Amino acid sequence: MGILERFRLDGKRAVITGGSRGLGRAIAQALAEAGADLVLVARDAEQLASARTELLSTGRQVEVLVGDLSTPDGTETVCQTLLQQFAPIDILVNNVGGRRINIPTENLSLADWQRILDLNLTSAFLCAREIGKQMVERRRGNVINVASIAGMVIFRGMHGRTYEVAKAALLQLTRALAADWAPFGVRVNAIAPGAFLTDANRRWFTEMPHLRSMVESQIPMGRLGVPEEIGPAAVFLASDASSYMTGAVLVIDGGFTLW
Ligand SMILES: NC(=O)c1ccc[n+]([C@@H]2O[C@H](COP(=O)([O-])OP(=O)(O)OC[C@H]3O[C@@H](n4cnc5c(N)ncnc54)[C@H](OP(=O)(O)O)[C@@H]3O)[C@@H](O)[C@H]2O)c1
């Protein structure tokens with residue numbers, strides 16, 4: 001098999017949570033261009049439909065599922081539907097997440113703490129458990145968790161530290177599942193993005209105009225990432241090109257964590 005052939009995903013079905021916008025949308029594009037059929041999950045039906053229309057031009061099958069992964073109940077419902085309607089699933093990208101709040105820890109309510117843990121960590125755990133169970137039974141599968149460099153360093157200029165904690169735990173969940181499921185042919189890896197230009201960050205930059213230049217000054221490459229710069233790493237991790245990698249974290253941050 002030629003080297004580029006090893007990156008192909010033909011005949012694979014990939015589920016991408018939060019696949020309608022931002023990094024998830026870019027990952028969806030990359031996986032489809034590499035040959036995978038897609039199932040995108042998000043809350044907004046219209047945005048899902050427009051992502052689907054755009055992605056159909058890759059020639060792949062693209063299905064969408066409206067669901068909310070912010071609560072354990074919502075996530076379990078999504079997983080049940082995914083398994084009923086779209087099994088077998090070869091690739092699971094746990095991408096839903098976000099900081100959402102900028103509240104100092106000394107003022108953080110338990111409800112907010114729990115809400116952000118559920119969104120970033122419990123959703124990934126439940127999707128991995130439900131869909132991973134089927135992968136373990138099939139003796140094949142691939143899970144990619146979209147974590148963050150905030151799981152490795154503390155982000156300057158922002159609060160809402162549940163995010164850092166959840167992403168750090170997501171990295172450790174990645175390693176634990178990788179170890180446990182390696183004997184069953186299921187690989188589990190993570191991507192840790194730095195600061196990217198997505199809707200979520202555009203909102204923070206609007207609310208805090210000084211933040212963008214402050215963040216850029218912390219990045220050796222001097223700029224934010226664009227979502228398209230995440231896609232190739234997802235294809236690499238999802239494909240046989242990374243066949244001997246599990247429990248790894250690919251940091252894509254323009255050098256943010258070097259300083
Ligand atoms: N952007 C960055 O710079 C950056 C950096 C490091 C890590 N990350 C991580 O990368 C991932 C994606 O971030 P992003 O910036 O691309 O996010 P985003 O722009 O906010 O996009 C999020 C995607 O997730 C969906 N989504 C949001 N909440 C959802 C929910 N409760 N249930 C189901 N779907 C939901 C959105 O669609 P709907 O709104 O329609 O549901 C959309 O498709 C997150 O885990 C984030 O923590 C991002």
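Me: Which residues come nearest the ligand in this predicted model?

Reply: Of the 28 residues around the ligand, the nearest are Gly-18, Gly-22, Arg-43, Asp-44 and Gly-97. Helix H1 (22-33), strand E2 (37-42) and helix H6 (199-207) are the elements that give two or more residues to this shell.

Me: What makes up the shell around the ligand by class?

Reply: By class, there are 13 polar, 10 nonpolar and 5 charged residues in the shell. Gly counts as polar in this scheme.

Me: How do you know that the span of helix H2 agrees with what it should be?

Reply: Take its 12 residues, 45-56, at 1.5 Å a residue: the helix should span 16 Å, and its end C-alpha atoms are 16 Å apart, so the two agree.

Me: Good. Why are the buried residues of H2 said to line one face of the helix?

Reply: The buried residues in question are Leu-48, Ala-51 and Leu-55. Seen down the axis of H2, they fall within an arc of 65°, so they line one face. An α-helix has 3.6 residues a turn, so residues three or four places apart point the same way.

Me: And what does each side of H2 meet or carry?

Reply: The buried residues of H2 pack against H1, E2 and strand E3 (62-66). On the face turned away from the buried side you will find the exposed residues Ala-45, Glu-46 and Thr-53.

Me: Why is strand E1 called largely enclosed?

Reply: A residue is buried when 20 or more other C-beta atoms lie within 10 Å of its own. In E1 (residues 13-17), 5 of the 5 residues are buried, so the strand is largely enclosed by the rest of the structure. Arg-13, Val-15 and Thr-17 point one way and Ala-14 and Ile-16 the other way, and all are buried.

Me: How do you know that E1 and E2 pair?

Reply: Pairing asks for at least two bridges, and E1 and E2 have 5, in the parallel sense. For one of them, look at Val-15, whose bridge partner in E2 is Val-39.

Me: What makes strand E6 covered on both faces?

Reply: In E6 (residues 186-193), 8 of the 8 residues are buried. Val-186, Val-188, Ala-190 and Ala-192 lie on one side, with Arg-187, Asn-189, Ile-191 and Pro-193 on the other, and all of them are buried. E6 also pairs with strand E5 (residues 141-146), in the parallel sense over 6 bridges. Gly-141 has Val-186 as its bridge partner in E6.

Me: Why does Gly-98 count as partly exposed?

Reply: Buried needs 20 or more C-beta neighbours and exposed 12 or fewer. Gly-98 has 19 inside 10 Å, so it counts as partly exposed. Gly-98 lies in the loop between strand E4 (91-94) and helix H4 (110-138). Leaving aside neighbours within four places in sequence, Gly-98 is in contact with Leu-119 and Ala-200.

Me: What is the class of Leu-117, and why?

Reply: Leu-117 has 16 C-beta neighbours inside 10 Å, so it counts as partly exposed too. Its place is in helix H4. Leaving aside neighbours within four places in sequence, the contacts of Leu-117 are Thr-122, Thr-162 and Ala-166. Leu-117 and Val-41, 76 residues apart in sequence, are 19 Å apart in space, C-alpha to C-alpha.

Note on methods: Residues numbered from 1 in each chain as written. Predicted model: local features only at pLDDT ≥ 70, side-chain atom pairs only at ≥ 80, totals over all residues. Near = placed C-beta within 6 Å. Helix = DSSP H or I, 4+ residues; strand = E, 2+ residues; numbered from the N terminus. Expected span 1.5 Å × (residues − 1). Arc of directions from axis to C-beta. Contact = placed C-beta atoms within 7 Å.
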